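Trainee: Please put the model up, and then we can go through it by question and answer.

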Amino acid sequence: MLENSFVMVAIILIINIVYVSFFTIRMILTLKGQRYMAAGLSTIEVVIYVVGLGLVLENLNEIQNLVAYAVGYGIGVIVGMKIEEKLALGYITVNVITKESDVDLPKALRTRGYGVTDWAAHGLEGERMAMQILTPRKYELKLYQTIKELDPKAFIIAYEPKAIHGGFWVKSVRKGKLFS
């Protein structure tokens with residue numbers, strides 16, 4: 001079966017897509033502090049890597065194998081990122097600044113289950129309302145959509161917090177009480 005060069009190229013391509021996807025997910029798990037899951041995934045990852053690299057090195061005179069390895073690597077990065085987007089691990093903090101005083105944006109967001117802290121702010125053009133919202137990453141796009149529907153001119157900045165401690169919100173999310 002491995003004598004057929006088309007089959008060999010397909011196998012190398014698939015192996016590298018799977019390997020790099022695992023690599024990407026493992027790196028994200030490591031950055032999120034999920035060390036045991038990352039370690040378990042890396043065990044599988046290294047086996048896939050050795051098999052794929054071995055196939056290429058055994059047949060180094062076949063340029064199509066090397067090309068398949070490189071293309072598989074690139075596709076694997078994209079696939080790994082898509083998988084991570086679907087997993088949406090962790091939380092996101094969103095800062096919102098609005099000048100709309102007739103829309104009670106904090107209340108509207110709270111009724112949808114978001115934890116919102118708001119305060120009066122002062123901008124170049126006058127009074128503003130600033131808000132800080134913490135949400136699981138899987139609800140990030142839904143939050144942006146909601147904010148834009150309520151205030152299309154809102155200024156939005158988002159970042160991933162490194163650590164979270166305390167507050168009513170974290171307990172509610174972990175118990176699955178929000179966003180039902």
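Mentor: Helices and strands here are DSSP runs, numbered from the N terminus: helices are H or I with at least four residues, strands are E with at least two. This is a predicted model, in which local features need pLDDT of at least 70 and side-chain atom pairs count only at pLDDT 80 or more, while totals for chains, interfaces and linings use all residues. Residues are numbered from 1 along each chain as its sequence is written, and side-chain values use heavy atoms, with hydrogens and water left out.

Trainee: What percentages of helix and strand does the chain have over residues 114-166?

Mentor: UniProt, in an unreviewed entry, annotates this range as "domain: DUF2179". UniProt positions are given in the numbering used here, with feature names shortened, and annotations may be inferred rather than shown by experiment. The C-alpha atoms at the ends of residues 114-166 are 15 Å apart, and the composition is 21% helix and 47% strand.

Trainee: How far apart are the end C-alpha atoms over residues 24-81?

Mentor: For these residues the unreviewed UniProt entry lists "domain: DUF5698". The chain there is 88% helix and 0% strand, and the distance between its end C-alpha atoms is 7 Å.

Trainee: How many bridges pair strand 2 with strand 3?

Mentor: Two strands pair if DSSP finds at least two bridges between them. A hairpin of 2 residues joins strand 2 to strand 3. Strand 2 covers residues 115-123 and strand 3 covers residues 126-136; they run in the antiparallel sense, and the number of bridges is 9.

Trainee: Is D118 buried or partly exposed?

Mentor: Buried means under 20% relative accessible area, exposed means over 50%, and partly exposed lies in between (1.4 Å probe, protein chains only). For D118 the relative accessible area is 33%, so the class is partly exposed.

Trainee: Which side chain meets R26 in a salt bridge?

Mentor: The structure holds 5 salt bridges. R26 lies in helix 1 and its partner in helix 2, so the pair ties together parts that are 19 residues apart in sequence. R26 is buried at 17% relative accessibility. The N to O distance is 2.6 Å, and the partner is E45.

Trainee: What separates the C-alpha atoms of E45 and G113?

Mentor: E45 is in helix 2 and counts as buried because its relative accessibility is 6%. E45 and G113 are 68 residues apart along the chain, and their C-alpha separation is 38 Å.

Trainee: Where does the salt-bridge partner of R137 lie?

Mentor: R137 and E84 meet through their side chains at 2.6 Å, N to O. R137 is in the loop between strand 3 and helix 5 (140-150), 53 residues from E84, and E84 lies in helix 3.

Trainee: What is the angle between the ring planes of Y19 and Y49?

Mentor: Rings of Phe, Tyr and Trp (its six-membered ring) pair if their centres lie within 6.5 Å; planes under 30 degrees apart count as stacked, over 60 as edge-to-face and the rest as tilted. The structure holds 3 aromatic pairs. The Y19 and Y49 pair is tilted, with 5.0 Å centre to centre and a plane angle of 40°.

Trainee: Which of helix 1 and helix 2 holds Y49?

Mentor: Y19 is buried at 10% relative accessible area, whereas Y49 is partly exposed at 30%. Y19, F23, Y49 and Y73 are linked into a cluster by ring pairs. Y19 lies in helix 1 (residues 5-31), so the pair ties together parts 30 residues apart in sequence, with Y49 in helix 2.

Trainee: What is the area of the nonpolar surface patch that includes L87?

Mentor: Patches are made of residues with over 30% relative accessible area and no salt bridge; like charges are joined within 9 Å, nonpolar side chains (Val, Leu, Ile, Met, Phe, Trp, Tyr) within 5 Å. Accessible areas come from the Shrake-Rupley method with a 1.4 Å probe, and for residues only the protein chains shown count as cover. L87 lies in helix 3 (residues 63-87) and is partly exposed at 44% relative accessibility. With I63, L66, V67, V71, I75, V79 and I83, L87 makes a patch of about 610 Å².

Technical notes
A salt bridge is a side-chain nitrogen of Lys or Arg within 4 Å of a carboxyl oxygen of Asp or Glu.
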